[in-house]
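Take a look at the structure below. This report walks through a few of its features, one heading at a time.

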Amino acid sequence: RGRVLVLAGPGANGGDGLVAARHLDNWGIKTSVVLAADRDRVGGAARTNLRIVERLALPLEEVASLRDWRRWLAGPGRSRFRLIVDALLGTGLSERVREPMRSVIAWVNRQPCRVVSMDIPSGLSADTGRPFGAAVRADATVTCGLPKRGLLQAPAWTGRLSVADISLPRVLRR
């Protein structure tokens with residue numbers, strides 16, 4: 001049956017991934033979280049959701065450097081996931097993807113399981129649909145509120161696009 005891996009970054013997108021991990025766990029789905037950042041860099045709502053995930057005692061590993069990532073990869077069962085939830089980098093990205101995120105994205109793209117991106121595939125420009133040096137190739141993307149221009153211009157990266165209703169005023173959805 002396999003398990004789900006949630007890859008969460010330090011920002012709002014990572015916070016969305018942590019919320020997804022909580023819901024998956026509540027539904028009885030075996031879920032592990034890799035926080036691809038130093039805990040001290042996680043802020044705002046993402047920090048709140050990180051604390052909740054920690055209190056729920058969900059399996060969570062911190063991978064803040066390329067060395068940490070290589071150590072994580074050497075662990076048992078690192079390729080046996082039925083689904084990866086990509087919540088590493090969001091729409092605020094405006095520069096080339098750096099390590100360890102670059103290596104994490106490359107690994108995700110080599111996995112045989114399905115990949116669902118939260119809001120936007122990590123590393124993809126929300127404006128142009130071009131990768132910032134590296135980007136996740138998602139099978140599906142669940143974006144919030146409205147589709148971003150870049151998602152519509154990059155179906156090969158986005159996969160099947162779904163828009164999650166976050167109660168935006170009707171006038172904005174036209």
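## The largest pocket

Sorted by class, the lining of the largest pocket holds 12 nonpolar, 6 polar and 7 charged residues. The model is predicted. In it, 25 residues line this pocket. Pro 10, Arg 41, Leu 88, Leu 89 and Met 101 lie nearest the centre.

The volume of the largest pocket is about 510 Å³. Which helix gives the most to the lining? Helix α1, residues 12-26, does, with 3 residues. How can empty space be found at all? A probe the size of a water molecule is rolled over the atoms, and this shows where space is left.

## Two packed helices

Two numbers describe a pair of packed helices: the angle between their axes and the distance between the axes. Helix α3 covers residues 66-73, and helix α4 covers residues 101-110. Their axes are 9 Å apart, at an angle of about 30°. Angles under 35 degrees count as roughly parallel, so α3 and α4 are roughly parallel to each other.

Which residues make the contact? From α3 come Leu 66, Trp 69, Trp 72 and Leu 73. From α4 come Ser 103, Val 104 and Trp 107. By class, this contact of α3 with α4 has 6 nonpolar residues, 1 polar residue and no charged ones.

## Aromatic pairs

The model has 5 aromatic pairs. One of them joins Trp 69 and Trp 72. Their ring centres are 5.0 Å apart and their planes are at 15°. Planes under 30 degrees apart count as stacked, so this pair is stacked.

Trp 69 and Trp 72 both belong to helix α3. They are 3 residues apart there, so about one helical turn separates them.

## Backbone exceptions

Most peptide bonds are trans, and most residues other than glycine have a negative phi.

Pro 100 sits in the loop between β4 (81-87) and α4.

Technical notes
Residues are numbered from 1 along each chain as its sequence is written. This is a predicted model: local features need pLDDT of at least 70, side-chain atom pairs count only at pLDDT 80 or more; totals for chains, interfaces and linings use all residues. Side-chain values use heavy atoms; hydrogens and water are left out. Axes are lines fitted to C-alpha atoms, for helices over the stretch in contact, and angles run from 0 to 180 degrees between N-to-C directions. Helices (H or I, at least four residues) and strands (E, at least two) are DSSP runs, numbered from the N terminus. Angles under 35 degrees count as roughly parallel, over 145 as roughly antiparallel, 65 to 115 as roughly perpendicular and the rest as oblique. Contact means heavy atoms within 4.5 Å. Ala, Val, Leu, Ile, Met, Phe, Trp, Tyr, Cys and Pro count as nonpolar, Asp, Glu, Lys and Arg as charged, and the others, Gly among them, as polar. On a 1 Å grid over the protein atoms alone, a cavity is a set of points where a 1.4 Å probe fits but cannot get out, and a pocket is an open set with protein on both sides within 12 Å along at least five of seven lines; lining residues have an atom within 4 Å of a point. Grid points are joined across faces, edges and corners, and a volume is the space filled by probe spheres set on the points. Rings of Phe, Tyr and Trp (its six-membered ring) pair if their centres lie within 6.5 Å; planes under 30 degrees apart count as stacked, over 60 as edge-to-face and the rest as tilted.
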